[in-house]
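Hi everyone, thanks for coming.

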Amino acid sequence: MQRMKKLLASLILLFIVPMAMAQELNCMVTVNSQQIEGSDKSVYENLQKAIREFMNERKWTGYVYKIEERIECSILITLSERISNEEFKGTIQVQSRRPIFQSSYNSVMLNLLDKDFQFKYLESTPLDFDENSFQSNLTSVLAFYANLIIGLDFDSYSVYGGSPYYNKCQTIVNNAQNTADKGWKAYESKKNRYWIIENLLNKSYSPIRECLYLYHLKGLDAMKENVELGRAQITAGLEKVQMVNRDKPGLYLIQLFIDTKRDELINIYSNAPANDKPKIVNLLKEIDPAHSGDYNNKILNAAGIK
């Protein structure tokens with residue numbers, strides 16, 4: 001797999017023999033304006049186009065990507081209010097996916113709904129972003145999620161590989177601290193952009209990032225060749241999450257991880273050997289007690305295990 005080799009490489013292949021190049025993201029962008037749409041339909045169409053270009057045409061890393069190597073992701077912005085001619089309020093849903101080696105299957109890496117999204121947009125005005133200063137809430141939120149998507153992807157290919165991109169997210173958070181915009185400050189909530197990056201860069205929670213590597217590169221990528229070995233590595237990764245959860249139950253990063261992976265985990269363990277299922281179900285129920293019934297019904301009971 002070409003992207004795997006690049007992400008694991010220690011050298012930045014930026015000035016090698018010319019090749020067909022693309023930026024890092026292949027992001028599908030949708031702006032849903034049905035709740036507020038009036039006679040200015042072109043505003044929302046141009047906003048959608050501007051965001052698509054911002055995400056897909058900007059260089060986010062120092063790596064060279066081919067078109068087929070770009071990270072598949074999507075952004076859905078649902079507008080709920082037009083506060084003024086150029087100020088909007090709504091939500092932004094962000095999802096990213098990772099291909100699995102020798103498979104047509106894509107594993108969801110991030111699936112997050114951010115409700116603290118208010119921004120200004122003036123039609124035909126370029127979307128400016130500076131890594132070292134706050135330009136606008138719109139571009140700061142977009143850049144935050146672009147770097148988060150890339151960081152999670154890199155973490156899944158190498159241990160702590162996403163750190164440079166999480167550090168960029170941290171800089172974006174810091175630059176937004178003196179603004180009135182929501183989602184950036186620690187005291188506002190325990191479940192916002194501030195806490196996503198705090199959790200990812202907090203060394204006490206680093207086993208969760210180690211899980212991303214075991215789960216994907218050692219687990220899902222290996223299942224084509226050896227299903228049981230791959231599943232065992234996924235379980236080893238979950239045991240790292242379990243360890244953090246025992247010290248910090250309810251941690252936002254754990255919730256994000258398990259909410260993203262729940263259906264996939266059920267599929268993975270539904271086909272596990274019967275004698276392995278009680279142990280893994282107990283592990284999943286400990287991490288995700290709110291969905292104990294799903295694990296019982298869809299993993300244990302489906303196999304006739306009580």
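Which helix gives the most to the lining of the largest cavity? It is α8, with five residues. Before going on, a word on the source: this is a predicted model, where local features need pLDDT of at least 70 and side-chain atom pairs count only at pLDDT 80 or more, while totals for chains, interfaces and linings use all residues. Residues are numbered from 1 along each chain as its sequence is written, and side-chain values use heavy atoms, leaving out hydrogens and water.

Now, the cavity. On a 1 Å grid over the protein atoms alone, a cavity is a set of points where a 1.4 Å probe fits but cannot get out, and lining residues have an atom within 4 Å of a point. Of its 15 lining residues, M109, L152, L253, L256 and F257 are the closest to the centre. At least two lining residues each come from β4 (106-120), α3 (137-155), α5 (193-201), α6 (206-219) and α8 (252-270); helices (H or I, at least four residues) and strands (E, at least two) are DSSP runs, numbered from the N terminus.

Let's stay with α8. Its axis and that of α10 (residues 292-300) come within 9 Å and cross at roughly 25°; axes are lines fitted to C-alpha atoms over the stretch in contact, with angles from 0 to 180 degrees between N-to-C directions. The two helices are therefore roughly parallel (under 35 degrees). Contact, meaning heavy atoms within 4.5 Å, involves I258, R262, I266, Y269 and S270 of α8 and D294, Y295, K298 and I299 of α10.

Conventions: 1 Å grid on protein atoms, 1.4 Å probe; cavity = no way out; pocket = protein on both sides within 12 Å on 5 of 7 lines; lining within 4 Å. Parallel < 35°, antiparallel > 145°, perpendicular 65-115°, else oblique.
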